[in-house]
Amino acid sequence: MTDTAPTKARVPAVEGLFTMDDPPHLIGGRLSETGGYCFPKDLGGSDPAASGGEVDEVLLSRTGLIWSFTNSAYPPPQPFVVNEPYEPVTVAAVELEEERMVILGQVHPDWSVADLEVGMAVELVLGTLYEDDDHEYLTWQWRPVHVEEGS
Amino acid sequence: MDEIAVLGVGMHPWGKWGRNFVDYGVHAARGAIADAGVEWRDVGFVSGAITVRCGYPGYVAGSTFARALGFTGAQVASSYSACASGATALSVARGQILSGACEVALVVGADTTPKGFLAPNEGRRTDDTDWLRFHLVGATNPVYFALHARRRMALHGATPADFAAVKAKNSRHGVHNSNARFAKEFSVEDVANSPVVSDPLRLLEICATSDGGAAVVVASMDYARRLGVTDPVRVAGISLVTPTYPDTVIDLPYLATDSAAAAEPPDLSFKDSIGARVYEEAGIGPEDVDLAEVYDLSSALELDWYEHLGLCEVGEAESLLRSGATSIGGRIPVNASGGLGAFGEAVPAQAIAQVCELTWQLSGRAGKRQVEGARVGVTANQGLFGNGSSVLLRR
């Protein structure tokens, strides 16, 4: 399996869920009437107090604290695309302080469950989910950060 | 809430039989009808729990089972609410009976499941959170079970040995159940020697997917009396609640919780509210309950249910387990049937199977796994996408 192209085009595995900026952000929604957040923007639960149902697009905080974490020791089924040889995918649920919500995501492959703790600070990065001959398909990942100084 | 009578129950043993799901449902239904002492022609309403894995006949489960039993002109309905489907089907039957639309109803669910992980439908469906969680995160069902297990460890000091002890307990119960798939007693060491599926949960702690079927025949209290049944097991409450916004506990199949930025979370979490509703309907509290059948999709989740059902205070599930209270012979046995740990999951049948077990228990017919003197039992269960499920039975 040789790849003669010097670089592959980096594209989101699914459009509209995160920005491709450096640093990246998850694209969430904010209910116009009440100010509650949701993710993904168009698939979040709504607030019954928001009768109109209008949702504005917002970029969500890109740091948070690990609510819980685990891994998938066996390859998940389709539509997950398994890279051979399969390395266990680590998954974290991360609590965003301002949004007061928990968001799931893979953990950057340099970290495994042995490196993580509930309450650990993490930040959002992009990582490769799978590749084909021309593209790297990206998703969001959580990566531990050192505790920031001050606020 | 007015009560209805459980006249009879029946099951097809859980396993990996590979036959048509209709066979299992018919077997269970015939068992329930015979147990009830009624004729199939007496059943005025068939309430089917849907399977989404067996093609069109599964989507119209009510009429599929009715036809297989022989069409009699009975009315039918079919319900789907994932793992809660059986409770939904029971609720539909209760509504028919209490409205006077019928006197006797059959509630039946059965499934033939594929091997391995349950996975979403085919096709690229980027507007389906169930598809997104598999594609973008690789978040299988056990990943969610394990997130909750790890959270319990961090919050309440649960240990992998506690989780393994749940599995060992349920396997001890299950060896006395001829309908269970795994009639084998597993030790804490057996669990510890099984491979990790989603850390900290191991293979023996994750429920398998099984084939199986379960059915109950329910009737109006008047009909039961005319049949000469003076002291039937009764359905005293059914809870099918959805969460209240904002639901701040991550659960499958979502990528995120609701946000509490603009609205405070409700006093009762979603899972707390499932039990609260069923107790309210029955007009009793958790202190009145003699035994419970709960959805141990993983061993660790059983501990959560102790608290959600009010069997103990938050944070005390581990000590309740360690005290032996939730074993048969203890104060409040949980999963006397063996639970999903011994059965595996047959989605549309499982909530009905819980009702079968409680009926056998409350009528003193549970054999070697009998909970002595049981008069009140409660089930708990949950279907993904916010489908609560709990049934309270008493005698």
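**A tour from helix H5 of chain B**

Begin by selecting helix H5 (residues 129-137) of chain B, which is mostly covered, since eight of its nine residues are buried (20 or more other C-beta atoms within 10 Å of a residue's own, the C-beta atoms being placed from the backbone; helices are DSSP runs of H or I of at least four residues, strands runs of E of at least two, both numbered from the N terminus). This is a predicted model, in which local features need pLDDT of at least 70 and side-chain atom pairs count only at pLDDT 80 or more, while totals for chains, interfaces and linings use all residues. Residues are numbered from 1 along each chain as its sequence is written, and chains are lettered from A in the order in which they are written.

Show the side chains of H5(B) next: the buried residues are Thr129(B), Trp131(B), Leu132(B), Arg133(B), Phe134(B), His135(B), Leu136(B) and Val137(B). They pack against S6, S7, strand S8 (121-131) and strand S9 (135-144) of chain A, where contact requires C-beta atoms, placed from the backbone, to lie within 7 Å.

Now colour the two chains separately and select the interface, in which 44 residues of chain A are in contact with 40 residues of chain B. On the chain A side, the elements giving two or more residues are strand S3 (37-38), strand S5 (63-72), strand S6 (89-96) and strand S7 (101-107). That side of chain A divides into 27 nonpolar, 13 polar and four charged residues, with Ala, Val, Leu, Ile, Met, Phe, Trp, Tyr, Cys and Pro taken as nonpolar, Asp, Glu, Lys and Arg as charged, and the others, Gly among them, as polar.

Along its principal axes the C-alpha trace spans about 55 × 50 × 45 Å, and buried residues make up 64% of the 395 residues.

Finally, select helix H7 (residues 160-174) and helix H11 (residues 299-308) of chain B, which pack at an angle of about 90° with their axes 7 Å apart (axes are lines fitted to C-alpha atoms over the stretch in contact, and angles run from 0 to 180 degrees between N-to-C directions). H7(B) is therefore roughly perpendicular to H11(B), a term covering angles of 65 to 115 degrees. Here Asp162(B), Phe163(B), Ala164(B), Val166(B) and Lys167(B) of H7(B) meet Ser299(B), Ala300(B), Glu302(B) and Leu303(B) of H11(B), and the residues of this contact divide into five nonpolar, one polar and three charged.

Technical notes: A residue is buried if 20 or more other C-beta atoms lie within 10 Å of its own, exposed if 12 or fewer, and partly exposed in between; C-beta atoms are placed from the backbone. Angles under 35 degrees count as roughly parallel, over 145 as roughly antiparallel, 65 to 115 as roughly perpendicular and the rest as oblique.
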